[in-house]
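Please read the following points beside the sequence and the structure.

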Amino acid sequence: MKLKYNFLINEMGDNYIAIPTGEGVIEFNGIIKLQEKEAFMIEKLNEEITEEALVKAVCDKFGSDEQEMKVRVAEILAQLKAEDLLV
């Protein structure tokens, strides 16, 4: 799976924002406010990646608990699917 549009991540204080690029600027028409782990996931989802590989990448980068990350990644992916942002 991957994002329907590429997103550029910008850090703003303690938060991050994802801004669509290319076609996404016209079709998405908005930004996404994120926390650090979510921003990392969005960066990873700019390229094709499996859910399992995404969980592993987040755990490797942040030293997160794998079970907790499985739940959080599933939540993020569900939100992105609901917004029709995944292909």
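In what order do the strands of the open sheet stand, and with what pairing?

1. The model is predicted, so to speak of local features a pLDDT of at least 70 is needed, side-chain atom pairs count only at pLDDT 80 or more, and totals for chains, interfaces and linings use all residues. Residues are numbered from 1 along each chain as its sequence is written, and side-chain values use heavy atoms, with hydrogens and water left out.

2. The open sheet has 3 strands in the order S1-S2-S3, with antiparallel pairing; strands here are DSSP runs of E with at least two residues, and helices are runs of H or I with at least four, both numbered from the N terminus. S1 and S3 (32-34) stand at the edges with a single partner strand each, so one side of each has no neighbour in the sheet. From one strand to the next, the twist averages 25 degrees.

3. S1 (residues 7-12) pairs with S2 (residues 15-20) in the antiparallel sense over 6 bridges, where pairing requires that DSSP finds at least two bridges between two strands. Phe7 has Pro20 as its bridge partner in S2, and Asn10 has Ile17. The hairpin of S1 and S2 has 2 residues between the strands, and Gly13 takes a positive phi near 65 degrees there.

4. Helix H2 (residues 36-45) meets helix H4 (residues 66-82) through residues including Met41, Ile42 and Leu45 in H2 and Val73, Ile76 and Leu77 in H4, contact meaning heavy atoms within 4.5 Å.

Methods: Axes are lines fitted to C-alpha atoms, for helices over the stretch in contact, and angles run from 0 to 180 degrees between N-to-C directions.
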